[in-house]
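Hi,

Here is the structure I said I'd send over. Have a look at it first, and then read on for what turned up.

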Amino acid sequence: MAVAGGVTIADLAAELGVTKSTVSRALNGYPDISEATRERVRALAQANGYLASSAARNLKRGRRETIGVVLPVHSGTMSQPFLAEFFDAVSRTLHASGYDLLTATARSREDALRTHERLIAARKVDGFILPRTEMRDARVGLLRESGVPFVAHGRTAHKAHHAWFDIDNVAAFRMAVAHLAGLGHRRVAFVGGPNSFNFASQRLEGYRAGLREAGLPADDSLIIMGTLDAPSGLESGRRLLDLAKPPTAIVCATDAIAVGVMRALTERHMRAGRDVAVTGYDDIPLAAFLDPPLTTFSQEIEKSGERVAGMLLELIAGARPEDLQELHDAVFVRRASDGGPLGKSETAKRTDAEHPH
């Protein structure tokens with residue numbers, strides 16, 4: 001291929017026998033283009049100096065080929081394996097399209113806003129991913145006003161006007177309660193996180209809807225809203241087990257919470273799946289290796305991260321935010337931490353047999 005005057009997308013398309021649109025979408029990481037085609041396009045572009053000239057054009061237009069994310073470190077969020085796995089998938093997807101991921105942290109909502117403002121003013125990024133959305137999310141207003149492309153991982157009150165990717169939390173927790181009710185449980189507890197997070201509020205909503213649909217009474221003493229980590233789960237589990245009428249099943253808003261709840265059971269010489277059913281959410285890698293393995297819901301974290309990154313690249317390439325709004329279902333992963341309730345006499349009998357005085 002002749003390179004005099006610079007290689008164009010039309011040149012690459014003609015050489016590969018594909019359309020100019022295919023070349024453009026391949027170079028921008030669109031998910032509707034196969035990985036094999038993207039590799040062919042990128043290899044030819046690099047061999048003929050197109051990527052270098054493209055980078056120069058982007059610099060002239062003010063592009064940095066960098067995506068920003070400001071991670072919250074309050075309320076135990078940084079302790080969650082979900083975030084690390086999610087952003088690993090995001091980073092790999094961006095890297096395949098020539099973009100880097102710039103990560104900052106914030107210890108408060110105000111700090112997060114200031115950090116976004118600083119990155120926008122310095123023109124250090126081409127767009128943002130917003131994790132842990134809130135219903136009234138000031139970050140959304142700031143970014144919409146600034147005109148910087150962004151994808152929210154979760155819906156907000158302004159979801160009709162911005163790009164977002166979300167999992168149907170309500171449906172998942174309705175299913176969790178229905179599953180436990182089907183096993184015979186009548187006292188089903190819920191341990192969640194701060195309701196300021198949209199997903200936490202949705203999971204509580206799904207739990208309550210599940211109770212109604214199963215014909216189970218609502219009992220506020222069976223609902224504990226803490227933080228999103230194992231220590232909070234441990235403390236919440238202790239409180240639930242200390243009730244005059246403790247639950248026979250505990251639905252946890254995250255796997256990390258479930259780990260703490262299972263530790264509380266162990267302290268009482270009890271076992272998840274035998275004495276008290278426990279379910280989680282996230283399907284972190286540790287979940288399958290707990291004792292017993294945790295029944296949970298998978299968000300297919302890797303696919304979610306890849307899709308969020310791909311959506312942001314589409315926005316940067318000119319797609320409309322209103323065309324990039326996706327709601328997906330979580331996948332139920334049944335293991336051994338759930339089970340039907342035991343009678344008190346049978347539970348005591350097994351406990352005494354395993355832990356004689």
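**The sheet and its helices**

Three bridges connect strand E6 (residues 188–192) with E7, and the two run parallel. Within that pair, valine 191 sits opposite isoleucine 224 of E7. Keep in mind that this is a predicted model.

Zooming out, E6 and E7 belong to an open sheet of four strands, ordered E7-E6-E8-E9, with parallel pairing. The edges are taken by strand E7 (223–225) and strand E9 (277–279); each has a single partner strand, so one side of each has no neighbour in the sheet. From one strand to the next, the twist averages 15°.

Which helices go across these strands? Helix H9 (residues 198–214) lies across E6 and E7, and helix H11 (residues 255–267) lies across E6, strand E8 (249–252) and E9. As for direction, H9 runs at about 170° to E6, while H11 runs at about 160° to E9.

**Helix H1**

Now over to helix H1 (residues 9–16), whose buried residues are Leu12, Ala13 and Leu16. Why do these three end up on the same side of H1? Because they cover an arc of only 100° around the axis. Buried here means under 20% relative accessible area, and exposed means over 50%. Just after the helix H1 comes glycine 17, with a positive phi of about 75°.

Cheers

Technical notes:
Residues numbered from 1 in each chain as written. Predicted model: local features only at pLDDT ≥ 70, side-chain atom pairs only at ≥ 80, totals over all residues. Heavy atoms only, no water. Buried < 20%, exposed > 50% of the residue type's maximum accessible area, 1.4 Å probe, protein only. Arc of directions from axis to C-beta. Pairing = 2+ DSSP bridges. Axes fitted to C-alpha atoms, helices over the stretch in contact; angles between N-to-C directions. Contact = heavy atoms within 4.5 Å.
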